[in-house]
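Open your viewer and get ready to select residues one stop at a time. Each stop says what to pick and what to look for.

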Amino acid sequence: LDSRAGILKGGDSGPAVVPGNPSASRLVQTIRYASTLKMPPTGKLAESKIEALVAWIEMEAPWPEEVTPEASKTAEKFDLGARKREHWAWQSIREVVPPAIDGVEHPVDRFLLAALRENQLRPAATADRLTLLRRVYFDLTGLPPSPEEIQRFFEDREPNAYERLVDRLLESPRFGEHWARRWMDWVRYAESHGSEGDPDVPQAWRYRDYVIRAINNDVPYDQLIREYLAGDLLPTPRINESDGINESMLGTAHFRMVEHGFQPVDPLEDRVNWTENQVDVFSKAFQGLTVACARCHDHKFDAISQKDFYAVFGSLRGARPIQT
């Protein structure tokens, strides 16, 4: 409705207005709730406003003189195939042979060292024993080593001392507690509702503990994603026999932690917004994509159409948060 040309052209369902013919105008059908699309969705306009629009259409829909906007690049037809062909991120994975560097075994190190040499840079000096110890503790547990742990490592002069240290830290409960934070950041874990009232989300900690247990128990990443999306529907869920917990079902609890208005003026709009937020969290966390950008239009940069957004939206909208 930004221009008269746009109104007369319309969209996939045809023109929005047929000048001189209100009954054939989709706009009138919509505001009179005479079609499957009813606008505004929260309640009909006052009859006087509807009649004003009808009278305007009967007058051939007069409109101020306007300059026809020039077509811009953003208005070009969305070509999903071209997007996928042109951007590196959408290309199929291919095998790349790492550079051959004498004395360097790990392929990642070979790529890094080759890039350093190409840019006339030198690698940092080898870390001393204490620095190495502190780094691995912070990386795997988020905590510094205790004086006793420092002494234990310094007294261990076996060739595989570092490997055994890494194994001990991976087996520590602190490992799951530390790395669960990363997962919870992805899914925007929160223990309160947000918005102006910010009430608590009852028992949100159960999801936190579920993630910690999953990481400490080496649950595969693909299994965690299945539980994230449909943990309550899996034919063979993970059962925690000692605590009597359906672990897989807990995996869906994050859906309750998205944006919600405390006292929304428009419940339908709030429902749409929280479902969009679910799409946004899912796509950014597990696809590295801003799928939610395609809510109102085909994506400006990535190979994501508006249809893609609403396909995901429709899958998630069937679930709604409840409190038991």
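A charge sits over a ring if NZ of Lys or CZ of Arg is within 6 Å of the ring centre and within 35 degrees of the ring normal. Keep in mind that this is a predicted model.

**Stop 1: charges over rings**

Select K44 and Y33. The charged end of K44 sits over the Y33 ring, 6.0 Å from the ring's centre. Now pick R182 and W179. Here the charged end of R182 sits over the ring of W179, and the distance to the centre is 5.0 Å.

**Stop 2: two helices that cross**

W179 is also part of a helix contact. Show helix 6 (residues 129-141) and helix 9. Two packed helices are described by the angle between their axes and the distance between the axes. For helix 6 and helix 9, the angle is about 65 degrees and the axes are 7 Å apart. Angles of 65 to 115 degrees count as roughly perpendicular, so helix 6 is roughly perpendicular to helix 9.

Which residues meet here, in helix 6 and in helix 9? From helix 6, select F138, D139, L140 and T141.

**Stop 3: helix 11 and its cover**

Go to helix 11 (residues 221-230). Its buried residues are Q223, L224, I225, E227 and Y228. What covers them? The cover includes helix 9 (173-186), helix 10 (205-216), helix 12 and helix 13.

**Stop 4: aromatic pairs**

A pair of aromatic rings is described by the distance of the centres and the angle of the planes. The count for this model comes to 15 aromatic pairs. Take Y228 and F255: their ring centres are 5.7 Å apart and their planes are at 55 degrees, so this pair is tilted. The pair links distant parts of the chain, 27 residues apart. Y228 is in helix 11, while F255 is in the loop between helix 12 and helix 13 (267-287).

For another pair, select F309 and Y310. Their rings are edge-to-face, with 4.7 Å centre to centre and 85 degrees between the planes. F309 is buried, at a relative accessible area of 0%. Y310 counts as partly exposed, at 38% relative accessibility.

Then widen the view. Ring pairs link W183, W186, Y221, Y228, F255, F282 and F286 into a cluster.

**Stop 5: a buried glutamate**

Select E247. This residue is in helix 12 (residues 247-250). Why does E247 count as buried? Buried means under 20% relative accessible area, and E247 has 4% relative accessibility, so E247 counts as buried. Leaving aside neighbours within four places in sequence, E247 is in contact with Y210, R213, E227, R238 and N240.

**Stop 6: backbone details**

Find M39 and P40. A cis peptide bond joins them, with omega about -10 degrees. P40 lies in the loop between helix 2 (26-31) and helix 3 (47-58).

Move on to E60 and A61. Each lies in the loop between helix 3 and helix 4. What is the phi of E60? Phi of E60 is near 75 degrees, a positive value in a residue other than glycine. Phi of A61 is positive too, near 55 degrees. E60 counts as partly exposed at 45% relative accessibility, whereas A61 counts as buried at 3%.

Notes. Residues are numbered from 1 along each chain as its sequence is written. This is a predicted model: local features need pLDDT of at least 70, side-chain atom pairs count only at pLDDT 80 or more; totals for chains, interfaces and linings use all residues. Side-chain values use heavy atoms; hydrogens and water are left out. Helices (H or I, at least four residues) and strands (E, at least two) are DSSP runs, numbered from the N terminus. Buried means under 20% relative accessible area, exposed over 50%, partly exposed in between (1.4 Å probe, protein chains only). Contact means heavy atoms within 4.5 Å. Rings of Phe, Tyr and Trp (its six-membered ring) pair if their centres lie within 6.5 Å; planes under 30 degrees apart count as stacked, over 60 as edge-to-face and the rest as tilted. Axes are lines fitted to C-alpha atoms, for helices over the stretch in contact, and angles run from 0 to 180 degrees between N-to-C directions. Angles under 35 degrees count as roughly parallel, over 145 as roughly antiparallel, 65 to 115 as roughly perpendicular and the rest as oblique.
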